[in-house]
Structure formats: C-alpha cells, structure tokens
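The paragraphs below go through its sheets and helices in turn.

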Amino acid sequence: MRCPFCGTTKDRVVDSRMSKEAVTIRRRRECVNCKKRFTTYEEIEDVTYVVVKKDKRREPFDRHKLFAGLKRACEKRPVGIVQLQEIVNDVEHLLHSKPDKEITTSEIGEFVIDELRALDQVAYVRFASVYRDFKSLDQFLAELTNLLQIERQ
Ligand SMILES: [Zn+2]
C-alpha cells in the first residue's frame with residue numbers, strides 16, 4: 001500500500017480486524033519510511049451465482065425469487081415450506097458445483113419441474129406451464145396428457 005503521507009510503498013500491518021458484518025477487513029498500517037499510520041479497508045469478494053436467461057442476458061441468482069415462484073405454484077397445495085426451501089437449496093448446490101457458477105433458466109426450470117413432479121402434480125403443471133413458456137393451450141394440454149400417461153403407468 002502506498003503511504004498517503006510520503007508515497008513509500010513499504011508498510012507493516014499493525015492491526016487487522018473484521019467488520020461487524022464480516023464483509024470488510026480494516027487494517028491499520030504503519031509506513032516503514034515516515035512511521036505515520038493509516039487505515040485501509042479490504043472488501044471480501046463474494047461469489048455471485050449467475051443465471052443466464054433465454055435471451056442470453058445474465059442476472060444474479062436470486063433464491064428469494066425462485067422461492068416466491070415455487071410458493072406461487074404450490075398455493076393451496078399440500079407442499080410444505082421446508083420442502084420448497086430444500087428445492088431452492090438443491091438448486092444452489094447445483095450452481096455451486098458448476099465451475100463457472102452459471103446456470104441457465106431452463107436448467108433451473110427443468111430441475112425444479114422434476115422435483116415438483118415428485119412432490120405434487122398440480123404444482124408441477126403450474127410451474128411447468130410458466131417455465132416451459134407455454135405459448136398455447138394446446139401445449140398446456142399436451143403436457144397434461146403427458147402427465148396423465150405417467151400416472152397410468
Ligand atoms: Zn510514509
């Protein structure tokens with residue numbers, strides 16, 4: 001660090017402490033040349049998970065948004081909040097395992113759809129109808145037919 005008094009780049013750290021929220025480290029430094037003290041703050045870089053949308057736009061992964069979507073799909077359905085939180089956690093683990101920490105919306109969508117299918121079929125169709133971006137009722141009905149066939153198996 002360059003000394004703000006004399007410009008020397010040699011200093012020694014006399015004290016380091018983490019901020020209350022643990023997001024910055026405050027360091028008290030002493031210039032080796034003029035012996036004056038100054039303070040620096042270092043920010044801890046946090047890992048941002050990125051969602052790649054259909055049109056290739058990227059936005060930070062927002063677990064609250066995903067959770068809200070799941071809750072909406074499961075309205076008045078016998079699916080517990082904890083089960084939905086687990087799905088969100090699983091998506092986060094999936095993201096964490098990716099080397100570039102990026103995931104596409106369709107990867108999330110398909111993953112969640114699979115999880116919901118096992119939990120509640122109505123919630124599954126509701127969620128699938130949004131995530132697979134059904135353009136028409138025909139598509140929606142095709143999905144329902146598909147579902148009924150699975151049920152009969
Ligand atoms: Zn100095």
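Is the crossing of H2 and H3 left-handed or right-handed? The crossing of these two helices is right-handed, and the way to see where it belongs is to begin with the chain as a whole, bearing in mind throughout that this is a predicted model.

The protein chain holds five helices and six strands, and read from the N terminus these elements come in the order β-β-β-β-β-α-α-β-α-α-α. Of the 153 residues in the protein chain, 12% are buried. Among the contacts with a separation of 6 or more, those between residues 24 or more positions apart make up 38%.

We can start with the sheet that is built from S1, S2 and S3. This is an open sheet of three strands, ordered S1-S2-S3 and paired in the antiparallel sense. Strand S1 (11-18) and strand S3 (37-43) are at its edges, and because each of them has a single partner strand, one side of each is left without a neighbour in the sheet. From one strand to the next, the twist of this sheet averages 25°.

Within that sheet, strand S2 (residues 24-31) and S3 are joined by seven bridges in an antiparallel pairing, and one place to look for this pairing is Ile25, which stands opposite Glu42 in S3. The hairpin of S2 and S3 has five residues between the strands, and there Lys35 takes a positive phi near 65°. S3 itself is hardly covered, since the count of buried residues among its seven residues is zero, where a buried residue is one with 20 or more other C-beta atoms within 10 Å of its own.

Strand S4 (residues 50-52) and S6 pair in the parallel sense over three bridges, with Val52 standing opposite Thr104 in S6.

Helix H1 (residues 63-73) packs with helix H2 (residues 81-96) at an angle of about 140°, and their axes are 10 Å apart. The crossing in which H1 passes H2 is right-handed. On the side of H1 the contact is made by Arg63, Leu66, Phe67, Leu70 and Lys71, and on the side of H2 by Leu84, Ile87, Val88, Val91 and Glu92. Sorted by class, the residues of this contact are seven nonpolar, no polar and three charged.

The axes of H2 and helix H3 (residues 105-119) cross at roughly 145° and come within 11 Å, in the right-handed crossing already mentioned. H2 contributes Gln83, Ile87, Asp90, Val91 and Leu94 to the contact, while H3 contributes Ile108, Phe111, Val112, Glu115 and Leu119. By class, this contact of H2 with H3 has seven nonpolar, one polar and two charged residues.

Why is Leu94 classed as partly exposed? Leu94 has 14 other C-beta atoms within 10 Å, and is therefore partly exposed, because that class lies between the 12 or fewer of an exposed residue and the 20 or more of a buried one. When its neighbours within four places in sequence are left aside, Leu94 is in contact with Ile103 and Phe111. The C-alpha atoms of Leu94 and Glu107 are separated by 9.8 Å, and these two residues are 13 residues apart along the chain.

Notes
Residues are numbered from 1 along each chain as its sequence is written. This is a predicted model: local features need pLDDT of at least 70, side-chain atom pairs count only at pLDDT 80 or more; totals for chains, interfaces and linings use all residues. Axes are lines fitted to C-alpha atoms, for helices over the stretch in contact, and angles run from 0 to 180 degrees between N-to-C directions. Helices (H or I, at least four residues) and strands (E, at least two) are DSSP runs, numbered from the N terminus. A crossing is left-handed if the near helix is turned anticlockwise from the far one by less than a right angle, and right-handed if clockwise. Two residues are in contact if their C-beta atoms, placed from the backbone, lie within 7 Å. Ala, Val, Leu, Ile, Met, Phe, Trp, Tyr, Cys and Pro count as nonpolar, Asp, Glu, Lys and Arg as charged, and the others, Gly among them, as polar. Two strands pair if DSSP finds at least two bridges between them.
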